[in-house]
Amino acid sequence: MGFVIGTVDPGDAELAAQVLLEMYRESGIHGVRDLMTKVGVNTIRSKLTKSVPSFKPPDKDIGIVFGPD
């Protein structure tokens, strides 16, 4: 989720996880992918911005390549 949602400092990781788990529980959705799809990435980012001091959205100037190639 971090590459899509954003990043937090290691000291805020537990707080960020608590916020995400709370959103997950409140949504009644089953599956993290569904949470991101149905609740929305922008809503998740907004909640993390308000709740986690070190949260930063992803840097769109950084390219990410997955896989061995």
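**Helix packing, pair by pair**

Me: At what angle do helix α2 and helix α3 pack?
Reply: This is a predicted model. In it, α2 covers residues 13-27 and α3 covers residues 32-39. Their axes lie 11 Å apart, and the packing angle is about 80 degrees.

Me: So how are α2 and α3 oriented relative to each other, and which residues of α3 make the contact?
Reply: Angles from 65 to 115 degrees count as roughly perpendicular, so α2 and α3 are roughly perpendicular to each other. On the α2 side, the contact uses Leu 20, Met 23, Tyr 24 and Ser 27. By class there are six nonpolar, one polar and no charged residues. The α3 side supplies Val 32, Leu 35 and Val 39.

Me: What about α3 and helix α4: which residues in α4 does α3 meet?
Reply: Helix α4 spans residues 41-51, and its axis comes within 6 Å of that of α3, crossing at roughly 95 degrees. The contact divides into five nonpolar, one polar and no charged residues. From α3 come Leu 35, Met 36 and Val 39, and in α4 they meet Val 41, Thr 43 and Ile 44.

Me: And α2 with α4: how many charged residues are in that contact?
Reply: Here the axes are 10 Å apart at about 135 degrees, which makes α2 oblique to α4. The contact draws on Leu 15, Ala 16, Val 19, Leu 20, Glu 22 and Met 23 of α2, plus Thr 43, Ile 44, Lys 47, Leu 48 and Ser 51 of α4. Glu and Lys count as charged. Sorted by class, that's seven nonpolar, two polar and, for charged, two.

Me: Is the α2 and α4 crossing left-handed or right-handed?
Reply: These two helices pack at about 135 degrees. Their crossing is right-handed.

Note on methods:
Residues numbered from 1 in each chain as written. Predicted model: local features only at pLDDT ≥ 70, side-chain atom pairs only at ≥ 80, totals over all residues. Heavy atoms only, no water. Axes fitted to C-alpha atoms, helices over the stretch in contact; angles between N-to-C directions. Helix = DSSP H or I, 4+ residues; strand = E, 2+ residues; numbered from the N terminus. Parallel < 35°, antiparallel > 145°, perpendicular 65-115°, else oblique. Contact = heavy atoms within 4.5 Å. Left-handed = near helix turned anticlockwise from the far one by under 90°.
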